[in-house]
Amino acid sequence: MSIFKEHRTIADRSAADRSRHKRKIEKAIRDGVTDIIADESIIGQDGKKRIKIPVKGIKEWQFIFGDNEGNKQVGSAPGAPVQKGQVIKKGQQQQEQGNKAGNNKGEEFYEVEITLEELSEYLFESLKLPDLEKKKFKSILQEKPKRHGTRPHGIRPRLDKKESAIQRLKRKASARRAGEIELDENGEESFPFHENDLRYHYIKERPKDATNAVIFFMMDVSGSMTSNIKFIARSFFFLLYQFIRHKYEKVEIVFIAHTTEAEVVDEERFFKRVASGGTHISSAPFLALDLINEMYHPNSWNIYAFHCTDGDNWEEDNDKTVSAFIELRDLCQMLSYTEIVLANERPNWDTSNNSKLWSRLKSIESRNMKMNVLKSKDDVWPAFKHLFGGEDV
Amino acid sequence: MTSGLLSNTCLEEKMSDWTFDDLVGWDDKICEIARRHGLDWYEIAYETIDYHEMIGAMAYHGMPSHFSHWSYGKTFERTHSMYNAGLEGLPYELIINSNPSIAYLMLENPLYLQILIMAHCVGHSDFFKNNRTFRETDADHVTRKFRSARQRIQGYIENPHIGIESVEKVIDSCHAIQYQIDRRGRFRLGEKDLKKSLIDKINNDKTGIYKNIDINKKPLEPEFDIMLFILENSNKLEDWERDIIEIVRNESYYFMPQIRTKIMNEGWASFWHYKILNELELPDSLHIPFLKTHNQVLRPWGGRINPYHLGFEIFNKIEKKMGIEECFMAREVMSDESFIMQYLDEEHARELNMFTYSPKGRKNPDWSIDDVADEEGWLEIRSSLIKTIGSNSIPVIYVDDLKDGTLILQHEHDGRDLELDYADNCMKNIEHLWKGKVKLLTTIEDEPFEI
């Protein structure tokens, strides 16, 4: 005769371990964010677009066998005739480029499918937009997103700790009435949080036309900008766009590509175009200034401008560039100048750390004009944080 | 823990078709039949739980109390999402090797399934109690030990001088070598006795083979229990680190017998649930769904060996050819390795249409069949099967030497290369425990290789 009992626990015993695991995943999402900028155009997309992020599973390492011929497996298939030499599992088609996901044995990939909006939430929750001038759009006041009560579902950063604690107490009280309090090993009352206790702030959609921002993405597209450099620029721009879009209701983007002359282009041409010729960096900020004059008056627009280059500017243009940047800086919420210098692509006769232009611009760096050097894609996130501050989550 | 018997049906909101009294009534009948057949099991304590709790229990190997670690959260999420995606059914049964044996019945299961599970659990519990491999698992005290381990680790997590990050790191590292233990069990000669017996051998040595033995070498003999070697030879470990290593090590010794008897254990439980349910004289409304589930669980998987299926087939064959006494003898003295060696014959391999297959080439290879169950092939099939079952699917790595503070490990290469990315990361974890240099010697593509 066996013993039967109803399991009375109301505790969600794996909750703590799940949240530890989740934090590791979130970190992996952030670490992987510069890898997700695939070929498709995502910079200009709205927040509803769903993207798949390959997140490397948090692995539990063990010694395991690899796939060499000596590693024979055994199968059993009654009813199905099998023959020696019969191929029962095809090798996978050649994967695309080298460092893409999924090549190694045992690689576990969580394909986390999230919207850009959610991605931004994860990335930027802890960061603060520079609190410079509060812009007004015509007569409409800038409205902050407002908390509208709580909901049982949401993302971690929006957890309402107080409300969750209240829910837990409520459940505890009713459990006690039902005589269902569990004692732990020490005979003490144990009453951990249950998933159903958790409450998240609900943030109401922002009112339309509240605030506008315009972003000028400026990039040197001269011959010395290799596709690897542009890849990193794209990752960087992507982050910047997502961040700003996350903070404002309406964001317009202007892509300005330049060699010795600047022009407004679309996203695809911006990243794909290879132009020959020299480099006059000043051409880009001057074009941005013209556009601001014509279309984006600083009284109604929050203006952001970001420039990426390999630093290889023609010397006669440096003076002009500095004055253009000063002028632009004074109109922008944030202006940045970024040099992308890949260690393995750097000419070996060039031993200086930064370009001549770098040291000139350094003198005008300020609260809303910042400078960065990116040596690899791992520098993208730190550079981003350098611009907008904030603690790592 | 054994869990399996996956359900492929989706969980719907449905009213259960049974009451507690139904369970008690059927359990009485099951126990009576089982006793009549000579089964001898630990008392079973069934707990009814819901789907969410079942996944939670599974994540912690069914242990009612288990220390906390992110990897169990990962297991939970994976099971949960695989289930939601319809990739995997839920386990019908979960029972642990303890006295009494704790087993879980999922509230959502229909009555016929609960009956099947209860009969299946009797088989498992009988196996836990009688199979020799389990002799050192201390079923009487195991739940208490796990609870105490949990409390201690919780204490380290809450200790401001230690904290969760450091605790996790040590557990991560232990997990990397958790199955690098002595697979035959933990009790053998201690270092002192070993030394003494070796000195005796050297003193009475007439053949000269012991001439060059250095009796101060560490370890004197290959040490398969890497965690033990670190515990005994490191002077850099803090007490709490030692305790965690010991906890993980104990858990490995507790679970190793289950790893080594998966086919027998599942085969034995299935053999008995089938017998018992056929003797229960179930009404058709229960008997037909039972047969359907039974056939679904015990079907061959094609590219992999289904332990339920293979074990069930072999036990049936033994009964038919040699009588039930032989079955009882096997359940007592054997583990999967000897069981397959002893009872899998050519006829059987043919009936089950077994085959071996391997990758051809190194990068993205095709896998093709090497041996089929014929006169020449079946022996190769049997030996490949033995190489891949139970703990044999885990590479054997032992401590060979300790030189100038460097731990030198050796991989016992048996034709199968190590996966290098995993090996690299395991080495980092071992270094974290050893707090010093660690070297591993192995063979990759027929060349000596050092990590």
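In this predicted model, 103 residues of chain B are in contact with 60 residues of chain A, where contact means heavy atoms within 4.5 Å. The area buried between chain B and chain A is about 7,300 Å², with carbon and sulfur atoms giving 55% of it. Buried area here is the accessible area (1.4 Å probe) that two parts lose on being put together, summed over both. B:Trp70, B:Trp367 and B:Tyr422 supply 11% of the area that chain B buries against chain A, more than any other three residues.

The model is predicted, so local features need pLDDT of at least 70 and side-chain atom pairs count only at pLDDT 80 or more, while totals for chains, interfaces and linings use all residues. Residues are numbered from 1 along each chain as its sequence is written, chains are lettered from A and ligands numbered from 1 in the order in which they are written, and side-chain values use heavy atoms, with hydrogens and water left out.

Between chain B and chain A the count is 10 salt bridges, a salt bridge being a side-chain nitrogen of Lys or Arg within 4 Å of a carboxyl oxygen of Asp or Glu. The side of chain B that touches chain A divides into 45 nonpolar, 30 polar and 28 charged residues. In this division Ala, Val, Leu, Ile, Met, Phe, Trp, Tyr, Cys and Pro count as nonpolar, Asp, Glu, Lys and Arg as charged, and the others, Gly among them, as polar. Across the interface, 23 residue pairs are in polar contact, both residues being at pLDDT 80 or more. A polar contact is a pair of N or O atoms within 3.5 Å; within protein, one must be able to donate a hydrogen and the other to accept it, and residues adjacent in sequence count only if both atoms are side-chain atoms.

| Residue | Partner | Closest N to O distance |
|---|---|---|
| A:Lys5 | B:Glu47 | 3.8 Å |
| B:Glu77 | A:Arg18 | 3.6 Å |
| A:Lys72 | B:Glu380 | 3.1 Å |

A:Lys72 lies in the loop between β2 (50–56) and β3 (73–76) of chain A and B:Glu380 in helix α16 (residues 377–388) of chain B, so the pair joins two chains. Helices (H or I, at least four residues) and strands (E, at least two) are DSSP runs, numbered from the N terminus. B:Glu380 has 30% relative accessibility and counts as partly exposed; buried means under 20% relative accessible area, exposed over 50%, and partly exposed in between (1.4 Å probe, protein chains only). B:Glu77 is also partly exposed, at 27%, whereas A:Arg18 is buried at 8%. Over all chains the count comes to 38 salt bridges. Within chain B, a network of salt bridges links B:Lys317, B:Lys321, B:Asp345, B:Glu347 and B:Glu351.

**Helices of chain B**

Helix α4 (residues 111–130) of chain B has 20 residues and reaches 29 Å from its first C-alpha to its last, close to the 28 Å expected at 1.5 Å a residue. The expected span is 1.5 Å times one less than the number of residues. Of the 20 residues of α4(B), 19 are buried, so the helix is largely enclosed by the rest of the structure.

Helix α2 (residues 51–59) of chain B is mostly covered, with 8 of its 9 residues buried. B:Asp50 caps the N-terminal end of α2(B), a side-chain oxygen lying 3.2 Å from the backbone nitrogen of B:His52. Just after α2(B), B:His61 takes a positive phi of about 55 degrees.

**Loop residues of chain B**

B:Asn97 is in the loop between β3 (91–95) and β4 (101–106) and is buried at 0% relative accessibility. The side chain of B:Asn97 makes a polar contact of 3.1 Å with the side chain of B:Thr137. B:Pro100 is found in the loop between β3 and β4, and the peptide bond from B:Asn99 to B:Pro100 is cis, with omega near -5 degrees.

B:Asp225, in the loop between α7 (191–203) and α8 (226–233), is buried at 0% relative accessibility. A polar contact of 2.8 Å joins the side chains of B:Asp225 and B:Arg249.

Most residues other than glycine have a negative phi, and most peptide bonds are trans. B:Asp138 has a positive phi of about 55 degrees and is partly exposed at 26% relative accessibility. Phi of B:Glu281 is positive, near 55 degrees, and B:Glu281 is exposed, with a relative accessible area of 71%.
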